[in-house]
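Below are some notes for a colleague who is opening this structure for the first time. Please read them with the coordinates on screen.

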Amino acid sequence: MLKQCEGSHAVAEAVALCRPEVICAYPISPQTHIVEGLGEMVKSGDLTDCEFINVESEFAAMSVAIGSSATGARTYTATASQGLLFMVEAVYNASGLGLPIVMTVANRAIGAPINIWNDHSDSLSQRDCGWIQLFAESNQEALDLHIQAFKLAEELSLPVMVCMDGFILTHAYERVDMPTQAQVDAFLPPYEPRQVLDPADPVSIGAMVGPEAFMEVRYLAHAKQMQALERIPQLAEEFKQVFGRECGGLVRTYCTEDAETIVIAMGSVLGTIKDTVDEMRAAGHKIGVLGITSFRPFPLLAVAAALKNCKRFVVLEKSLAVGIGGIVATNVRMAVTGMGLKGYTVVAGLGGRAITVKALTGLFDKAGRDELELLTFLDLDWNAVNKQLEREKQTRRSGPAAEAMLRDLGTVASKIA
Amino acid sequence: MDKPFAITLNPGSSLANHTGSWRTSRPLYLDRLPPCNAACPAGEDIQGWLFHAESGDYEKAWRVLTENNPMPAIMGRVCYHPCEGGCNRQHLDESVGINSVERFLGDEAIKRGWKFDKPAHSTGKRVLVVGAGPSGLSAAYHLARLGHAVEIHEAGPLAGGMMRFGIPKYRLPREVLDAEVGRILETGVVLRLDTKVANIAESMKAGKFDAAFLAVGAHIGKRAYIPAGDATKIIDAVSVLRSMEGEDKPLLGRRVVIYGGGNTAIDVARTAKRLGASESIIVYRRTREKMPAHDFEVEEALQEGVMMKWLSTIKQAGEGNITIEKMELDEKGFPQSTGEFETLEADSVVLALGQDVDLSLLEGVPGLEINDGVVRVGDNMMTGAAGIFAGGDMVPSERTVTVGVGHGKKAARHIDAWLRGETHVPPAKHEIAGFDRLNTWYYSEAPHTIRPMLNIIRRQSTFDEVLGGLDETNAQFEARRCLSCGNCFECDNCYGVCPDNAVIKLGPGKRFEFNYDYCKGCGMCVTECPCGAIKMEAEEI
Amino acid sequence: MPLQPVKFYQTGTFTVGNRLLAPEDRSVQANMQRTNSLNSGHRACQGCGEALGARYAIDAAMNASNRQLIAANATGCLEVFSTPYPETSWQIPWIHSLFGNAAAVATGIAAAIKVKRQKGQSGDVRVVAQGGDGGTTDIGFGCLSGMFERNDDVLYICYDNGGYMNTGVQRSSATPPAARTATTMPLGPEPGNPFGQGKFVPAIAMAHEIPYVATATVADLRDLEHKVTKAMGLRGARYIHILVPCPLGWGTASHDTIRMARLAKETGIFPVFSAEYGEIKSALAIRRPLPVEEYLRPQKRYAHLFGKSPAVATIARIQAQADKNIRKYGLLEKEVR
C-alpha cells in the first residue's frame, strides 16, 4: 500500500509488521519518532503481544533486549550516536552471545562537540562489534531492510543493525510502499531460537571462556558473517518474490558497466550522487556508482567485481578515521588489492554538513582527471581551520576550538541547509 | 538444543570438576561420648533414649533405655542422677531433667504394659544370683536376656533389697517397685524368697550353678558407742526403715534425734516426721556443706520441718534427753571438740552412721579376699574365686541403687563371657563431648521443667510420693532440651551449610556421608555442627 | 508477616533441618530433593559465603516457583566460579551478560515471558537477577534502579560481601568503614575505608516503594528462605540483600563464614529486616547481644584496629553505627516484629 509518511513512521510500521515481542525504548534524536510510533501502537492495541519498555538508558535498552532475546522473544530497539556508544558494552555482548536483536541506528555524529545531525560515525565506530550492519539508501529501503533484518538475524543468530541517515531519512516525508501483514508473515517465519532460557531445558548462557576456546568462539562469529555474505543476496531475491521490489543485497551498482570512475558510498547520499552522476554522464563523463548496503559483513568480492572494469574509484564517506582518513575507503582498498586501481577518499557531510550536487560535480570532475588529493575533506572551511591552528600556535590557553570557530563564522545555519 | 560453542553450557556439568583435590584436611563424622552417658553409673545410653523420646516414640525410648537398665521407673525416682551433673546444658541454662524423663518412660511402660522381649535362645548355663536388690535384679535381667537360666536367692520376704527396705515409700511407691521387679521375673528369672545363702559354695553345688553373682545389700547398721542409760531408746536407721515395711511401725516417740549426715539420716528424719514426731532432729558433727546427703534431700527435709543440729556430736544419752557437744572444724575440715555441751530432749535416738554387709556366706571360699568389710573383685567383677562374681554394696564403691544396677549389668556381661570361656572386652570409650565441642547457637531457649511437688501438709503427714512425674507434654519438652552432645541428631546443618553440596543426606535415621569428590575441606560443617559430631583431620599428603 | 520461629523443638528453626518438624514446616535446604541449583564442582574458595547464599536463595526460589525459574547473573565471583568453560554449576536456565546489567537483562527475560504467556507459549516462569555488591550497588545500580522504578516482575538478589573480591578485594560502595581493601589500605590518618561514604542499597530500594525489600544473612537460613519465598509470592520488583562473608576478602577462617554472618547480625552491624512498599514490616531481633568488637576482631581486614594501641575511637564509631541500627530497626525488641 502506497502512503506518504515520515521515514521513522515507515520504519515503525514495518517493525510492527514483523510482530516484535519486546521493544526497548530510550529517547535520543533522531531515532525518537520510531520508538514513539511503536509505543503508540502498543498502547493503542494495534500492536499486540508486545512489551514496550521505557528503559533508563541505552545500556539498559540493549541489556533488556539481551534478556528478552535470550528468552526467545523477537526483540527490537533503536538508537543513535551517543546512545549507541553508551550501550557499546552490551552491543558487543549481544553479538557475542549470538542473540538476533534488530536495532535501528538513526545515524548521527558523535561528540564532542555535541552534534545531533547526520553522519555515519556512530555505526562505523561499531564496525567490529560483531553485528551485521545494513545501510539504507531511502525510506523504502529502510523499512524493507528491517523486514529482511529480522529474518537474517534469526536465521544466523546474529544481531543486525539497520542504519539509516538521521533526519535525512528518519524525518523525511516520502512515498513508501507499505507491505501488508500477510506479505510480511509469508516472508518472515516465527522466531525459532537456536538457544533459549527455558526451565524445561536449562542451559547456562554466557560462560567465561579462556584462551583454550576464545579464538574459536571469535572465529565462529566471523564464520557466521561469512555465511551472511551468502544469505544476504538470497534474502534480497526471496524478498523480491514476495514483495515485488528490489531491496537489500550486498552492493548496488548504478551505471558501472562502462564507468572509468566509480563513486562508492553508503546511505542516502547515494541519491545525491546518482543525480550528480546522471548529470555528468549526460555531459559525457564515464562515471558510475557503487552503493554498499552491507557494510558488515563487508562484501570484498562483490566490491571487487563491481570495480573490475573501472580505472579509479572515489569513496565518499560520512565518517572519518581520525589519523588515517577513511573507514569505508580502507575497507574498499582491501577489496581491490592488486587490481591496480587509483583510489580517492573523500570525507564529507560530517555532523550534517550539506553535500551538494555542485560540490560533488566539481569533486568527481577532479577525480576523473586524477587531480584529486588522496584524502579530501569536502567543503572544508580552510580559512576557519587555519585561523584556529594559528591561534593555537600562538596562544597556549587558546580555549575550545569549536566555540572559537563558531565565533569566527558567525552563523552555522547556511552550512546545513 | 544446538548450542553455541563454548559460551552456552549444559546444566550441572561442573560435576566433572572434582574440587576435593583442593582439600588439605577432611571432615569426619564421629560419635563422641555425651557427658551424661559418661557419668551414668548404670552405663545408660541417655542421649540415645532421649533421641527417641524427643520424637515421641516413648516405647522405642524405653526399649533403648532398658537395654542397659531394666528399672527406669525406679531410677526416675531414686537415682541421684549424676548424669544431670554432667549435662552440658547446665552451662547454657540448666541441665536436662534426664531423671524426670526416665521416670516418665518408666511410668509409661507400666501404664502401657510394655514387656521385655523373651530371651531368643538358651545357653543351658545356670547362674545363681544372691540378693534381689538393685544389683542382683539387674544382673539377673541381663543374664536372662543373654540366655542363661537365673535363680535369685533372697534372704528377705520380698524382692527389692534396699529399694524396699531402705528407701521410704514417699520416694519410691511400692507398686512401682513391684511392677518393675515383676517384669524382670517375667523374663524367666526364678526368685526364691526367704532363702538365705549361708554358704555360697554349697548353694552353688546344690543348685548346679555354673556361676554366681553375689549382690547382698548393706543391711547391717553401724553402731557407735554412746554411753546411755537403760531407758534410752537407741535404734539403728536400717532397722527403722525396714520395719516400715512390716505390720508394726516403729515407735520412735514425739521427739526423735537422728545421728548422722547421710541420705539415710534424712530418710529416717522425714519418716519420723510422717509417723507423727513433733520434733525430728538430725545431729551431725560437721556443717551442712559437708553433709554426704544430697542437698535437695536436705532441703526437702527442712521444708517438711526436720531440724538440724550442725557441728554436734552425741556424748551421752539419758532418759528423755541426750547431751551433745558442740564441735568446730579445723583447717582441714575435721570436726574438733570444743568442750561446750548442750542438752536435747529425745524420746529416741536413731543411729544413721553407715551400713555393713553380712559377708558370712563367703566363709571358706578359697581365693576370696575381703578387705574393710567388702569383697575384692577384679575389673571383670569376679572375686578371687573362679565363677563367683560380686557387685553392689558388697564391693568397694559408692553405695547407690544406680551403682548397683551398673554392677549388675557389668557383671552379667563378664559372667556371660566367662561361661563361654571368653573374656568380655568392653568397646573403647569415645572421647567426651565437652561443652566446648558444641555450637550452642542452634539450641532453642528452653528453661528446665519443674516437677510438681506434693503439698507440704501431705508431705508431713502421709507417705504419698513427694515428687510428681511429668506428663507427656512436658516430658517431651524436657527430652527435647537434650543437646545430643557428640551424637548426630540429624539436624541437617552439615547438609545445609556446605557451600559445595558435598554432604550427602542418607535419609531419616541414616545420617550423612561426605562426598570427598567435592568437599574442599572448609570445615564449616564442623563449626556449625551443634553437637560436635564432626571433626577435621589433616589429609595425608 | 515475619517468619514465626518454631519454639521448643530442641533446635527449633535455628538449624537447617529438624526431624521433629512436620515435613511442610521444614526448610528447603533440609530436603533430600532440593534443587542444588548451584551444583558441586564450582570453583568458589573454601567456605565461600556467596556460593552458600546463592544456593540457599535460588533453591528457595526454585521451590517457590515450582522450578519454573530463570536467572540473570552479573559478572563477579559468582559468575566466574560457577561458569568457566567448559563447565557450569547451574542447574537452572541462567544467563550472564555483563557486570552492570543483570537487572535489565532480567527485565528483558520477564518481558519475554509475559508475552510468551499471553501467547500461550510459556507457563508462569519467574525471574531472578543476582549479583555481588559491586555489580549491584555500584556498576549495576542504574539498571537496578530502573528495574525498581518500572516495577518489573523481577526478584533481584544482591550477595553482599563488602567489596570487589573477584578482582582482588577492592573497595565498593558496600565496603564498611575502616575496612582494609586493596584500594583502601590501612595507611595514613584515616586507615581503611573512610567513614561517611558508601550506601545501603536496601534503604534506597525501599525509597522506590517496591513491593518487597528484605535483608538476610547466610547465618539465618530459615529467615532467608522465608524471605525468598515471600518475595516469590509477590509480583513486581523485589529486592533481597544477603550478607555473605568472604573468607578471602575479610581475612577470616573458611570455617567461620556463617559465624561471621551471625556476628554481623548479633552485633547490629547488619540489620536484618523486611519492608513492603517502602515501610518496614519486620526485623529479626538480636538474640545474644554482643559488642561490635566481637565481630571486628576475627577479621584481618580490621586488624589495624587491634594493633599495639587499639583504635578505640574508630571501634567506638563502628559501635555507634551498630547502635544506630539497633535503634532504627528495633533490633533489641524482644518480640520479632
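1. Strand β5 (residues 212-217) of chain C runs parallel to strand β6 (residues 238-243) of chain C, and 6 bridges join them. Within this pair, A216(C) stands opposite I242(C) in β6(C). Strands here are DSSP runs of E with at least two residues, helices are runs of H or I with at least four residues, and both are numbered from the N terminus. Two strands count as paired if DSSP finds at least two bridges between them.

2. On provenance: this is a predicted model, in which local features need pLDDT of at least 70, side-chain atom pairs count only at pLDDT 80 or more, and totals for chains, interfaces and linings use all residues. Residues are numbered from 1 along each chain as its sequence is written, while chains are lettered from A and ligands numbered from 1 in the order in which they are written.

3. The β5(C) and β6(C) strands belong to an open sheet of 10 strands with mixed pairing, in the order β1(B)-β9(A)-β2(C)-β1(C)-β3(C)-β4(C)-β6(C)-β5(C)-β7(C)-β8(C). At its edges stand β1 of chain B and β8 (279-283) of chain C; each has a single partner strand, so one side of each is left without a neighbour in the sheet.

4. Which residue of β1(B) is the bridge partner of I205(A)? The partner is T8(B). The strands concerned, β9(A) and strand β1 (residues 8-9) of chain B, run antiparallel and are joined by 2 bridges.

5. The contact between chains A and B takes 16 residues from chain A and 11 residues from chain B, where two residues are in contact if their C-beta atoms, placed from the backbone, lie within 7 Å. On the side of chain A that touches chain B, β9 (204-205) and α9 (214-243) of chain A each supply at least two residues. The largest share, 3 residues, comes from α9(A). By class, this side has 9 nonpolar, 4 polar and 3 charged residues. Nonpolar here covers Ala, Val, Leu, Ile, Met, Phe, Trp, Tyr, Cys and Pro; charged covers Asp, Glu, Lys and Arg; the others, Gly among them, count as polar.

6. The contact between chains C and B takes 43 residues from chain C and 45 residues from chain B. On the chain C side, α1 (49-64) and α9 (257-266) each supply at least two residues, and α9(C) gives the most, with 4 residues. The class count for that side is 16 nonpolar, 21 polar and 6 charged residues.

7. Y156(C) lies in strand β4 (residues 155-160) of chain C. Is Y156(C) buried or exposed? Y156(C) is buried, with 31 other C-beta atoms within 10 Å; the cut-off for buried is 20 or more such atoms, for exposed 12 or fewer, and partly exposed lies in between, with C-beta atoms placed from the backbone. Leaving aside neighbours within four places in sequence, the contacts of Y156(C) are A103(C), A129(C), L144(C), M147(C) and Y239(C).

8. In chain A, 6 of the 6 residues of strand β5 (residues 102-107) are buried, so this strand is largely enclosed by the rest of the structure. V102(A), T104(A) and A106(A) are buried on one side of β5(A), and M103(A), V105(A) and N107(A) on the other. Strand β4 (residues 75-79) of chain A pairs with β5(A) in the parallel sense over 4 bridges, with T79(A) opposite V105(A). Strand β7 (residues 160-165) of chain A also pairs with β5(A) in the parallel sense, over 6 bridges; there, M164(A) is the bridge partner of A106(A).

9. Strand β14 (residues 335-345) of chain B lies largely in the open, because the number buried among its 11 residues is 1. Strand β13 (residues 321-329) of chain B pairs with β14(B) in the antiparallel sense over 8 bridges, and M327(B) has S337(B) as its bridge partner. The hairpin of these two strands has 5 residues between them, and in it G333(B) takes a positive phi near 90°.
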